[in-house]
Amino acid sequence: MNDQIYFTTIAIIYCILNMITIIFSLIIVLTIAINWKMHFCSVSNLLILNSSFVFFLYAISCFIQTPLMISNNNNINLLFCQLCGFFGQYIAGTQIFTFLAQAIFRYFATVLYRQKILLTFRVNTIIIILGWIIPLIITASLLVLPLAYQYEPESRICFTSTKYLLGALIVSIFIFFMPLTIIIGLYGLILWNLTHFDRFQSDANNIIRYKRNIKVFHNILLIVAILLVCGVPYLLCIIINIISETPWILYSIKTLCISLSIALETLVLFFTNGKIKKILYEKIGFHQTQVQAIQSRKTNHINRNQILPVIS
């Protein structure tokens, strides 16, 4: 009974996190897609659109498996479990490659900005497509291994099991460590370039570009930090399984942390994009109400400080 209460609580938190991801990622996707030509026709917004769409797909894949957490049914159809595990792992891997695509573009925009061809839609669209193909090849190859995608009673979901070390190591090395190492390396080069910026250069365009890159660098660094912290439980499960047996509660924490990571990353994408917030607030009338309130306060302030006419 206690186990059932525990997994029901985990399932509720799991649903809340995934619902946050779905709502905010869908807002970002629809806002950019609908207002593409007028406000968002740029490579950076294309990359944000790509990341948000991946977040949305991952949250959907999580919702598909949520009933498994509550039902406690170990007799799961093997094909269904493998497909769910494959799809969830594929989208989770693609998510990291979307960050890699952003890091590559930011490196182009900051360090190689004189090479205009690297900043074009064509080049970055190819990078985005490769970011979908590479994790597909890696995760599809795991289907050959019969134990790679399996139902974990400890977490009650179908995913790449950390008990099967070969599959878990392939995922960790090629889908997590390698792209993350490249991301950290690129941002290290970007930071070095920004810190060695010629501050005595009076070119206004260079100064504006420098300030913009610093702001974007801080935002993306926050996303990478979230990714690192929330990926620790999965790595702990692999390391502990090599040495001994992983505590069963860590499996659920691992699952929650992945969803928490994506929910936080979605919120960061939304709240650090002023244009998306502005358009959304205008659509729901929040911006207009806020402007009216400010104007009302200004009017009241003028009325209170108005000089009264002298009555003779």
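Contact here means heavy atoms within 4.5 Å. The model is a predicted one. Leaving aside residues up to four places away in sequence, Ile-183 touches Ile-96, Phe-99, Leu-100, Ala-103 and Val-224. Ile-183 is also, with Ile-28, Ile-32 and Tyr-58, among the residues with the most contacts inside the largest nonpolar core, which has 73 residues. Helix H4 (residues 78–110) gives the most to this core, 15 residues. Apart from this core lies another, of six residues, including Leu-68, Ile-76, Tyr-151 and Cys-158.

The structure has one disulfide. It joins Cys-81 and Cys-158, with the sulfur atoms 2.1 Å apart. Cys-81 belongs to helix H4 and Cys-158 to strand S2 (residues 157–160), so the link spans distant parts of the chain, 77 residues apart. The torsion about the S-S bond is about -115°, and the disulfide is therefore left-handed. Cys-84 has its closest cysteine sulfur in Cys-158, at 6.0 Å, which is too far for a bond.

There is also one salt bridge. Lys-254 pairs with Glu-152, and the closest N and O atoms are 3.0 Å apart. Because Lys-254 lies in helix H9 (residues 248–271) and Glu-152 in strand S1 (residues 149–152), the pair ties together parts 102 residues apart in sequence.

| Residue | Relative accessible area | Class |
|---|---|---|
| Cys-81 | 3% | buried |
| Cys-84 | 11% | buried |
| Glu-152 | 1% | buried |
| Cys-158 | 0% | buried |
| Lys-254 | 2% | buried |
| Cys-257 | 16% | buried |

Terms used. Residues numbered from 1 in each chain as written. Predicted model: local features only at pLDDT ≥ 70, side-chain atom pairs only at ≥ 80, totals over all residues. Heavy atoms only, no water. Core = buried A, V, L, I, M, F, W, Y, C linked by side-chain atoms within 4.5 Å. Buried < 20%, exposed > 50% of the residue type's maximum accessible area, 1.4 Å probe, protein only. Helix = DSSP H or I, 4+ residues; strand = E, 2+ residues; numbered from the N terminus. Salt bridge = Lys/Arg side-chain N within 4 Å of Asp/Glu carboxyl O. Disulfide = S-S within 2.5 Å.
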